[in-house]
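Here's a short tour for someone meeting this structure for the first time. Have a look at the sequence and the model, then read on.

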Amino acid sequence: MISFSVTALVFGVVFLAELPDKTALAGLVLGTRYRASYVFAGVAAAFAVHVALAIAAGSVLTLLPARLVAALTGVLFLAGAAMLLLKGDEGEEEVRKPADQSFWKVSGAGFMLILVAEFGDLTQIMTANLAARYDDPVSVGLGAVLALWAVAGIGILGGRALMRRVPLRLITQVAAVVMLALAGFSLFEAVAP
């Protein structure tokens with residue numbers, strides 16, 4: 001059964017963490033060059049693969065003692081918050097244009113770009129942590145994949161407009177505060193009697 005509260009929490013955390021990331025910029029670049037639906041299909045497939053890998057890793061973590069998992073999750077959330085607060089501005093990456101604009105070429109380019117760029121990314125690690133924390137792989141996976149798809153859609157269709165209205169630094173700071181709160185809660189669970 002799907003837990004709406006877990007799905008919503010995961011969606012919010014992953015969405016805020018991924019919005020200021022290079023994925024929105026990559027989606028924006030691809031979306032301005034190619035048909036948006038083709039780009040989204042490739043990007044969405046790559047994110048589904050990433051979430052499946054993260055859920056599998058998180059499910060393995062649930063086999064460890066609960067206090068150890070809580071401590072590990074708290075430390076990783078702290079590291080994620082630090083990464084968000086300390087990372088510099090990232091420029092747009094060059095994306096090579098496929099020779100033709102067919103569905104398979106464009107979606108393949110989007111798939112490969114995201115698959116390589118996001119492997120081991122902060123949100124993939126966060127998804128694994130959340131899967132371990134809540135021991136609800138379906139709810140966590142659903143929240144994470146919907147958040148990643150939403151960011152990709154925003155990036156593809158309207159990233160420039162959003163970034164003009166909402167400062168990237170504010171989005172990053174909100175994501176970091178949420179991660180710090182999750183880290184504090186996890187670390188408290190690790191040491192509480």
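The second largest cavity has a volume of about 60 Å³. This is a predicted model, where local features need pLDDT of at least 70 and side-chain atom pairs count only at pLDDT 80 or more, while totals for chains, interfaces and linings use all residues. Residues are numbered from 1 along each chain as its sequence is written, and side-chain values use heavy atoms, leaving out hydrogens and water.

What counts as a cavity? On a 1 Å grid over the protein atoms alone, it's a set of points where a 1.4 Å probe fits but cannot get out, and lining residues have an atom within 4 Å of a point. The volume is the space filled by probe spheres set on the points, with points joined across faces, edges and corners. Counted that way, there are 3 cavities of 30 Å³ or more.

So who lines the second largest cavity? The residues are F47, H50, V51, A54, E118, D121, T123, Q124, T127 and L148. Two elements, α3 (36-61) and α6 (122-134), each give two or more residues to this lining, and α3 gives the most, with 4 residues. Sorted by class, the lining has 4 nonpolar, 4 polar and 2 charged residues; here Ala, Val, Leu, Ile, Met, Phe, Trp, Tyr, Cys and Pro are nonpolar, Asp, Glu, Lys and Arg are charged, and the others, Gly among them, are polar.

Now for two helices (DSSP runs of H or I, at least four residues, numbered from the N terminus). The expected span is 1.5 Å times one less than the number of residues.

| Helix | Length | First to last C-alpha | Expected span |
|---|---|---|---|
| α5 | 15 residues | 21 Å | 21 Å |
| α6 | 13 residues | 18 Å | 18 Å |

α6 is mostly covered, with 11 of its 13 residues buried (under 20% relative accessible area; exposed is over 50%, partly exposed in between, with a 1.4 Å probe and protein chains only). Among the buried ones are L122, M126 and L130.

In α5, the buried residues are V106, S107, G110, L113 and I114. They sit on the same side of α5 because they cover an arc of only 125 degrees around the axis (taken from the directions from the axis to the C-beta atoms). W104 and V116, on the other side of α5, are exposed.

Finally, S102 is found in the loop between α4 (66-86) and α5. S102 is partly exposed, with a relative accessible area of 31%. S102 and R35 are 67 residues apart in sequence and 9.3 Å apart in space, C-alpha to C-alpha.

Note on methods
On a 1 Å grid over the protein atoms alone, a cavity is a set of points where a 1.4 Å probe fits but cannot get out, and a pocket is an open set with protein on both sides within 12 Å along at least five of seven lines; lining residues have an atom within 4 Å of a point.
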